[in-house]
Amino acid sequence: MSTSTQALPRRTSLLARATAGATALLLPLAAMVGLATPAQAAASATATYTKVSDWGSGFEGKWTVKNTGTTSLSSWTVEWDFPSGTSVTSAWDADVTSSGTHWTAHNKSWNGTLAPGASVSFGFNGTGAGSPADCELNGGSCDGGPSEPGDNPPSAPGTPAASDVTDTSVKLTWTAATDDKGVKNYDVLRDGAKVATVTGLTYSDSGLTAGTDYSYSVQARDTADQTGPAGGSVAVRTTGGGDPDPGPGPGPSSTVKMGYFTNWGVYGRNYHVRNIVTSGSADKITHINYAFGNVQGGKCTIGDAYADYDKAYTADQSVDGVADTWDQPLRGNFNQLRKLKAKYPHIKVLWSFGGWTWSGGFGQAVQNPAAFAQSCYDLVEDPRWADVFDGIDLDWEYPNACGLTCDTSGPAAITTMMQAMRAKFGANNLVTAAITADASAGGKIDAAEYGPASRYVDWYNVMTYDFFGAWAAKGPTAPHSPLTSYPGIPQSGFNSAEAVAKLKAKGVPSAKLLLGIGFYGRGWTGVTQTEPGGTATGPAAGTYEQGIEDYKVLKNTCPAGGTPSGGGTVAGTAYAHCGTDWWSYDTPATVRSKMSWAKTQGLGGAFFWEFSGDTANGELVTAIDGGLR
């Protein structure tokens, strides 16, 4: 790497990356004039509503239109009323308009025709606490009757409990759902797809693969054949397959506390593996992601040979106080990590490949996933350092979407790649991936098959930071790592809660999701407004790059809530206004709050970018550790 590259952070604007893919689908009413007349009323079709997720300040809703008749429908229009204060902010797979509190959704050109028995769904993000009422489908009742208003769908059943797990089967039991007209049966969902419909409260799934992760949830169906929301999901790993555990370290059923260590940090930042020990962090983490290896020519390659395995360490720089010699076979960070693991055997180390700058090679690599996986395995398991690493992490920014470059590998590319990695690395190595947190409609989460791919990973590092920053030089000022949405947020879907909810809805088990924390802040200058949403003249000054600064610096130069100009907390993240500079970042208090939220969501733990942004005594690592206990 060049010196300038070493100074750069691995993340840049999620907003800049996502704008092209996240389009607002709400059309002005005038544009819908030609669609205003409803099709002929059909008593042989139903429309049912489900609230997919709710994050307090907003929610995701879904309508499902089903042709219950014997002839095809050529188009559909769903209408409903929301109470004042509840509204649709963005929608997908339908054209949605409003007139006051009355909302109308009309099919797209490609999903209007429904054969008998067929169904189609469209979704939307909304704000407010209300529920739809007075539903009409093509001018008739949404429940298929001539005048009766649509009845409510059933509630979500309880989270299934798994028992009698074998190499090929599992027994599931759950508590009943409720419905105003009675529950008829239950759909059992495996990895988000229906595998059975049963009338009771138990189901035994068979024909599974040994040593494989599955996720199960259940949704109820009422006497009108309406389906309600799926209940919570349970992660199940079948026995056998060589090793019943998902990897050598804490798996999805244990709490992961993982940090990134950058190979370029040993230069200008002067941060070394020894600092993980002297800060007290080594006792409080479970995993380290070593960043980064490169992806070139369809292969995993060395990122920085000097820092990785050649740099000689003096005694005072070394983890164990022993200096490197000129003729020893392995030096550099790899040897220091080996010494760290000897001193702290609970720590597992993964080699991370890609990152913002080096993600451009994944498109070529995934064209031959088996060869790519073989190259990565050969490098990670090189006899010189095979004992250092416990697995591999792939940081592709972003599959089938745009980052520093644009990828067109297709939605299934992430599944193909992770399946190949798991097949090559086996059950005794960890296989993980850092993934987008863009939950906007049609955004980066929607662009790739993160649900199916999750079967092959131990966990996902969800990059729930860099949502907003001074790449938008004039603002508006906004927290770069909001936990939830808030009034005035610049982009819908850009927050941790919506990202986690969308990934769960796509079939990713909660325990395979780690919440991301940035050990840095993002800021603007030329700001006069203390509260978020102010205008700016450009990025604030930073030590290594404009618009970004380490927490260890900001806690002293612009402390949140402790400056004359003021500050506070918004959406679970701190902000501070110091003179004309405006910064947002996480503090020990907001980190502990986020960890509490992660536990309520059943997440597998948390990770952070990256060690060198913390204080010398590891304040933020301590907050992560304490918050997850």
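# Notebook: strands and disulfides

I began with strand β25, which three bridges join to strand β27 (residues 548-550), the two running antiparallel. I took strands as DSSP runs of E with at least two residues, and helices as runs of H or I with at least four residues, numbered from the N terminus. I counted two strands as paired if DSSP finds at least two bridges between them.

The model is predicted, so I noted its limits: local features need pLDDT of at least 70, side-chain atom pairs count only at pLDDT 80 or more, and totals for chains, interfaces and linings use all residues. Residues are numbered from 1 along each chain as its sequence is written, and side-chain values use heavy atoms, with hydrogens and water left out.

**Entry 1: around β25**

I looked up which residue stands opposite G521 in β27. It is E549. Next I turned to strand β30 (residues 581-585), which three bridges join to β25. This pair also runs antiparallel. Here W524 faces W582 across the pairing. Strand β26 (residues 538-539) is joined to β25 by two bridges, again antiparallel. G538 in β26 is the bridge partner of T525.

Is β25 enclosed or open to the outside? I found five of its six residues (520-525) buried, so the strand is largely enclosed by the rest of the structure. Buried means under 20% relative accessible area, exposed means over 50%, and partly exposed lies in between (1.4 Å probe, protein chains only).

**Entry 2: a four-stranded sheet**

I then traced an open sheet with the strand order β1-β2-β7-β4 and antiparallel pairing.

W63 has F122 in β7 as its bridge partner.

**Entry 3: disulfides**

How many disulfides does the whole structure hold? My search found four. I counted a pair of cysteine sulfur atoms within 2.5 Å as a disulfide. With the bonded cysteines of the protein chain numbered in sequence order, the pairing reads 1-2, 3-4, 5-6, 7-8.

I looked at C300 and C376, whose sulfur atoms are 2.0 Å apart. This pair links distant parts of the chain: C300 sits in strand β19 (residues 299-301) and C376 in helix α7 (residues 369-380), 76 residues apart. The torsion about their S-S bond is about 65°, so this disulfide is right-handed. C300 is buried at 7% relative accessible area. C376 is buried too, at 0%.

I moved on to C402 and C406, with sulfur atoms 1.9 Å apart. Their link is right-handed, with 110° about the S-S bond. C402 is partly exposed at 27% relative accessibility, while C406 is exposed at 55%.

C558 lies in the loop between α12 (551-557) and β28 (567-570), and C578 lies in strand β29 (residues 573-578), so the pair ties together parts 20 residues apart in sequence. This link is right-handed, with 95° about the S-S bond. Both ends are buried: C558 has a relative accessible area of 2%, and C578 has 19%.
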